[in-house]
Amino acid sequence: MKQTPHDHTGRPAERRPAPVGNALPGARIGPATTSRRDLLAAGAALLAAPFVLHSGRAAAAERPALPIPPLDNGHIEGGVRVFDLEVRRGTHGFFPGIGTRTIGINADYLGPMLRMKRGETVRFNVTNRIGENMTLHWHGFELPAWCDGGPHQVIAPNATWRPEFEVLQRAGSYWAHGHQLHKTAEHVWAGMAVLMRVEEEDGPELPSEYGVDDLPVALQERRFTASGQMPYNPSMPDVMMGMAGDVPLVNGAISPRAEVPAGLVRLRIWNASNASVYRLAFDDGRPFAMVASDGGLLEEPVTMRSLVLASAERAEIVVDLSDGAPVRLVADTIPIAVGMMGGMGRGMMGGMMGGPMGESARRFDFLELVPRGRGRATALPSRLASLPPATRDMARSVRPFELQMRMGPAMMMGRGFAINGRSMDPRVIDERVPAATAEIWRITNASPMMHPFHIHDTQFRILSRGGRPPAAHERGFKDTVLVMPGEPVEVLVTFPDYRDPELPYMYHCHILEHEDAGMMGQFVTV
Ligand code: C2O
Ligand code: CU
Ligand code: CU
């Protein structure tokens, strides 16, 4: 999407120097990378906020306005809500005066906010203008296999794919992204992802004015070259640890700011990074309430001061800004290769900085919220939704999944990751699962790294993590769950009543480099 010179209030963005001490307390002051130094030498991009972070000095940095993806309601054709999506290459202005080559959906980078209602039928006319095979997967949706947009629904260059399905999902934040076999990471890195929101009548009273007190916040980070490009050429450690960047992006803008009413503000947060696990917090340590997870509202708001969000996970949070003080949404990354230091399970979620394998914890200043005027002060409702029960005795059977890493030649050949002893083979159906039947999927992690495990075609419930009941914020509907080494996770999975004995759905690690290196399997529903 394009950055506009106006913020979402319609007023011209205020020009304002960043305050001194932009670097967060305790931030690692990294050496400026060659690429960034070259950018400086070129006299370009001096205003980019991350430079300030890295230099630890305040420069004449200013934060761009948070881009608000335009709402796209599609159009109605014979009772069906139809979206026309063109996936194309473009250039995006991350840095002033530099065109970075990207991929976007009806946009240069990322795309609009696709908005639909629960219960209606939607059709997507997805046209491939990127000049190579691609797919577009509806992440978080329960749908017939032919509509899934996984590796089997390849769209050839200049072709249009037209999936049509009923929106079964609860109101919430979903997304779509590229899923071409072995190319998922590269396509998403370039920008092939679009936000989606499902709405339904009769929700609880929450801030809901789009772009005003209800903000979409798609978090990513990218690595740029000397000329401001972001090619996808992962090294071996990048494949192992996931491709990570050092420049924080929100909706495609570098460390932006948003003016918001001085009251309750709702952030719909997507971890849309390729691989990073963020521990999110506000820089002044203020609490916030998580109100929704991947598949929509939680039963009750959960008050927290920090939140771990892995790649592909979503969370909606509500923060109280009625004190009028500007605040920043910041994140530390949690090193992926956590287990390589030995003996860490749960404990590491607490506060590790720096990991093995040269992986460093990075700290990002994602988004500044500047309260203006008066906003709504209404308290949050104490009850948000009622969820169906989720208990072990509802399950017919237990299906085990073991996440594995293989060093040596397999890793060198880009097949270093596996599930249940097999790297993804598009010719093999790994599991046949009864439709409309509850099962326990028991996911164990035999590798020394953490993996966000994602299952297509379902919203599941977490039954246990490390043998214990899940924390309050993990009790809602989920489609992706972070699985730590030595900490098995059991989820209660039910697929909708669609059957297709041939065409599979996927389950995989949502560290996209791991997915592309084989940590993915296929199942059919029968
Ligand atoms: Cu979001 Cu199979 O992926
Ligand atoms: Cu998915
Ligand atoms: Cu993984």
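Start by selecting strand 28 and showing its side chains. H451, F453 and I455 point one way, while P452 and H454 point the other way. Whichever way they face, all of them are buried. Keep in mind as you look around that this is a predicted model. With five of its five residues buried, strand 28 is largely enclosed by the rest of the structure.

**Neighbours of strand 28**

Next, show strand 32, residues 505-509. Strand 32 also pairs with strand 28 in the antiparallel sense, this time over three bridges. Pick H454 and you'll see H508 of strand 32 standing opposite.

**Two copper ions**

Which residues coordinate the copper ion that is ligand 2? Select H137 and H454: each uses its NE2 atom, at 1.9 Å. Trace the chain from one to the other and you'll have some way to go, since H137 sits in strand 7 (residues 136-139), H454 sits in strand 28 (residues 451-455), and the two are 317 residues apart. Both of these histidines are buried.

Then hop to the copper ion that is ligand 3. Here you'll find H451 (ND1), C509 (SG) and H514 (ND1), at 2.0 to 2.1 Å. Along the chain, these donors follow the spacing H-x57-C-x4-H. Are C509 and H514 buried or exposed? C509 has a relative accessible area of 0%, so it is buried. H514 also counts as buried, because its relative accessibility is 0%.

**Into the core**

Stay in this part of the model and select F124, W138, W441 and F453. These are the residues with the most contacts inside the largest nonpolar core, which has 69 residues. Domain 1 (214-372) and domain 2 (392-525) both contribute residues to this core, so it lies between them. In general, nonpolar side chains tend to be buried together in soluble globular proteins.

Leaving out residues up to four places away in sequence, W441 touches R399, F401, V433, F453, I455, V489, E490, V491, V493, F495, Y507 and F523.

For a second, separate core, select L307, L309, I317 and V327, which are among its 31 residues.

Begin at the strand 19 end. Strand 18 (residues 288-293) pairs with strand 19 in the antiparallel sense over five bridges. Click on S293 and you'll find G296 of strand 19 opposite.

Now move along to strand 12, residues 214-222. Nine of its nine residues are buried, so strand 12 is largely enclosed by the rest of the structure. D214, P216, A218, Q220 and R222 point one way, and L215, V217, L219 and E221 point the other.

Strand 12 has partners to show you too. With strand 16 (residues 264-271) it runs parallel, joined by six bridges, and A218 stands opposite W270. With strand 13 (residues 247-250) it runs antiparallel, joined by four bridges, and R222 stands opposite V247.

**Two loop residues**

Select N251, in the loop between strand 13 and strand 14. Its phi is near 50°, a positive value in a residue other than glycine. N251 is buried, with a relative accessible area of 0%.

L110 is another one to click on. It is found in the loop between strand 4 (100-105) and strand 5 (113-117). L110 isn't a glycine, but it has a positive phi of about 55°. L110 is buried as well, with a relative accessible area of 6%.

**Last stop: confidence**

Finally, colour the model by pLDDT. The protein averages 88, and 84% of the residues score at least 70. Over residues 1-60, though, the pLDDT is below 50. Residues 341-354 also stay under 50.

Terms used
Residues are numbered from 1 along each chain as its sequence is written. Chains are lettered from A and ligands numbered from 1 in the order in which they are written. This is a predicted model: local features need pLDDT of at least 70, side-chain atom pairs count only at pLDDT 80 or more; totals for chains, interfaces and linings use all residues. Side-chain values use heavy atoms; hydrogens and water are left out. A nonpolar core is a set of buried Ala, Val, Leu, Ile, Met, Phe, Trp, Tyr and Cys residues joined through side-chain atoms within 4.5 Å. Buried means under 20% relative accessible area, exposed over 50%, partly exposed in between (1.4 Å probe, protein chains only). Domain bounds come from an automatic or database domain assignment. Contact means heavy atoms within 4.5 Å. Donors are N, O and S atoms within 2.8 Å of the metal (3.2 Å for Na, K and Ca); water is not among the atoms, so sites may look incomplete. Two strands pair if DSSP finds at least two bridges between them. pLDDT is the predictor's confidence in each residue, from 0 to 100.
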